[in-house]
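Subject: Structure for your review

Dear colleague,

I am passing on the structure below, and I would be glad if you could look through it alongside my notes. The notes cover charged side chains and then aromatic rings.

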Amino acid sequence: MDGTLSDGANWWGLAAFALLVAGFGLAFFFLTILPQRRNATGLRALSQRRGWRIEKASGSVLKGQGSTLYTDVHPKDDAGWRCRITFFANGNRQIRSTEFADPTLPAPGGMIVIGPQLEPDAARIAGQFLGQMAGPLGSLAMRALLGDQLDGVEELRPVEGLAGETVLATAGMDAAAVQQRVTALIRQFCATYPDEKSFPILIWGAQGCRVRLRDDASQPAKLEAFVDHALAVCAALRQPPA
């Protein structure tokens, strides 16, 4: 038996092709489908254990310009806070973010942003850049970093003399007091998730308190840790300054 069919096809070639297809199928199942199922199971368990609603939705940004997958998290008793995980894909371009928002906690005056530490020269350049945020290109750049709520962002300036993180604040905001209340919480989260995109950027202004990652916290453990961090930050900000 030479492995050749009557019409000239080769049994061994067909068998090898079938094994190759089956191998791709198994790899796709174990590398994609199975992790997605485990993640969904973990999110359901997290939802039941913490009393949260975790809901997924999708939509197109513009026709032919990519699609977005949202995961919305909020307490079942609608206590006021919301968390949204966003995954945008357009061809090879992907943008991920996670944002916690509590509109019931407006800043007493002005606005402050606490982000990952920058070199002094970079912080100075950022301050000059923020002064030019009124244009559409500036708004687009800052939206990638801070999200859609940009009211007052053009008035932010770097605050000198504060160690550890980069602090931007408007006039009248007691930046040192705010940083003192949240720095330990930020560093605790960063000790577990040290990647720069997982730095929990604090944005506190008239529209409430927001905490934002430039990454998705879609894994149950990271999602729970992030929401707990944001809730702890909000609790610290509600306390009067020491």
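**Salt bridges and aromatic pairs**

Arg212 and Glu99 meet through their side chains in a salt bridge, at 2.8 Å from N to O (a salt bridge being a side-chain nitrogen of Lys or Arg within 4 Å of a carboxyl oxygen of Asp or Glu). Because Arg212 lies in strand E9 and Glu99 in strand E4, this pair ties together parts that are 113 residues apart in sequence; helices (H or I, at least four residues) and strands (E, at least two) are DSSP runs, numbered from the N terminus. Arg212 is buried, with a relative accessible area of 9%, and Glu99 also counts as buried, at 17% relative accessibility, where buried means under 20% relative accessible area, exposed over 50% and partly exposed in between (1.4 Å probe, protein chains only).

Please keep in mind that this is a predicted model, in which local features need pLDDT of at least 70 and side-chain atom pairs count only at pLDDT 80 or more, while totals for chains, interfaces and linings use all residues. Residues are numbered from 1 along each chain as its sequence is written, and side-chain values use heavy atoms, with hydrogens and water left out.

The structure holds 11 salt bridges. Among them is the one between Arg96 and Asp216, whose closest N and O atoms are 2.9 Å apart; Arg96 lies in strand E4 (residues 93-102) and Asp216 in the loop between strand E9 (208-213) and H5, so this pair ties together parts that are 120 residues apart in sequence. Arg96 is partly exposed, with a relative accessible area of 35%, whereas Asp216 is buried, at 14%.

Arg84 forms a salt bridge with Asp72, with the closest N and O atoms 2.7 Å apart, and that pair links strand E3 (residues 82-90), which holds Arg84, to strand E2 (residues 67-75), which holds Asp72. Arg84 also lies over the face of Tyr70, at 4.1 Å from the ring centre (a charge sits over a ring if NZ of Lys or CZ of Arg is within 6 Å of the ring centre and within 35 degrees of the ring normal).

Turning to the rings, the structure holds four aromatic pairs, which require ring centres of Phe, Tyr and Trp (its six-membered ring) within 6.5 Å, with planes under 30 degrees apart counted as stacked, over 60 as edge-to-face and the rest as tilted. Phe189 and Tyr193 form a tilted pair, 5.1 Å centre to centre with 35° between the planes, and both residues are buried.

Best regards
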